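Here is a friendly walk through one protein chain, written for someone who likes to keep the model open while reading. Please have the sequence and the viewer at hand.

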Amino acid sequence: MRTVTSMARVLVIYDSRTGNTEKMALAVAEGARQIKGTDVKILVVDKATVKELLEFDAIIIGSPTYYGNMSGKMKSFIDQTNAIHGKLKGKVGGAFTSSGGTACGAETTILSVLQAMLVHGMIVQGRYDDKHYGPTALESPNKDEIESCRELGKKVANLAAALKK
């Protein structure tokens, strides 16, 4: 992967009740910081404002999986983004989730986040090789799942920097 050096601003916003999604968010932010010149901010959804989204070139959202969907807090936050509809066009997006078991809806959770990003006209970073929609973890993320989160952060930050150039 070629690394682009134009500075990008990346926001990692997450919800976490058990701390598992938070561990993933920290790894995503760590990965984004590996791209030279990238400015990364990490926020719990409770402390984020919709207007803050406008300040960033890339937005990566993490949510636990609840009944095959994102958490209520994250859904409520995303619903509030209708106030800035059309203003996220061209920003880069990505998503990740943790779930309590296998076949519990991790992919549908990520897709629900990505769907909202696509409606906003965002550019979504996917993967061809594994975890195509974004990183997932079964309960507390293991070493490979943490590395997948770092990779997401790197890829999103790199794409945002390339598009900004």
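## About the model

This is a predicted model, in which local features need pLDDT of at least 70 and side-chain atom pairs count only at pLDDT 80 or more, while totals for chains, interfaces and linings use all residues. Residues are numbered from 1 along each chain as its sequence is written, and side-chain values use heavy atoms, with hydrogens and water left out.

## The overall fold

The chain holds four helices and six strands. Read from the N terminus, their order is β-α-β-β-α-β-α-β-β-α. Helices (H or I, at least four residues) and strands (E, at least two) are DSSP runs, and they are numbered from the N terminus.

How does the radius of gyration agree with that of a compact globule? A compact globule of 165 residues would have a value near 15 Å, and the chain, at 14 Å, agrees with this. The radius is taken over C-alpha atoms, and the globule rule is 2.2 Å times the number of residues to the power 0.38. The C-alpha trace spans about 40 × 35 × 25 Å along its principal axes.

## Contacts, surface and charge

Of the 165 residues in the chain, 51% are buried. Buried here means under 20% relative accessible area, exposed means over 50%, and partly exposed lies in between (1.4 Å probe, protein chains only).

## Paired strands

Strand β1, residues 9-14, is mostly covered, with five of its six residues buried. β1 pairs with β2 (residues 39-44) in the parallel sense over six bridges, and R9 has D39 in β2 as its bridge partner. Two strands pair if DSSP finds at least two bridges between them.

β3 and β4 also form a parallel pair, over seven bridges. Here G62 has F96 of β4 as its bridge partner. In β4 (residues 92-99), eight of the eight residues are buried. In a regular strand the side chains alternate between the two faces of the sheet. Both faces of β4 are covered, with V92, G94, F96 and S98 buried on one side and G93, A95, T97 and S99 buried on the other.

S99 lies in strand β4 and counts as buried because its relative accessibility is 9%. Which residues does S99 contact, leaving aside neighbours within four places in sequence? They are T65, C104, A106, A137, L138 and E139.

One of these partners, E139, sits in the loop between β6 and α4. E139 has a positive phi of about 60 degrees although it is not a glycine, and with 47% relative accessibility it counts as partly exposed. P141 is found in the loop between β6 (136-138) and α4 (143-164). At 11% relative accessibility, P141 is buried, and beyond residues up to four places away in sequence it touches N20, K23, M24 and I146. P141 and E22 are 119 residues apart in sequence, yet their C-alpha atoms are 9.9 Å apart.

I35 is placed in the loop between α1 (20-33) and β2. With a relative accessible area of 2%, I35 is buried.

Conventions: Contact means heavy atoms within 4.5 Å.
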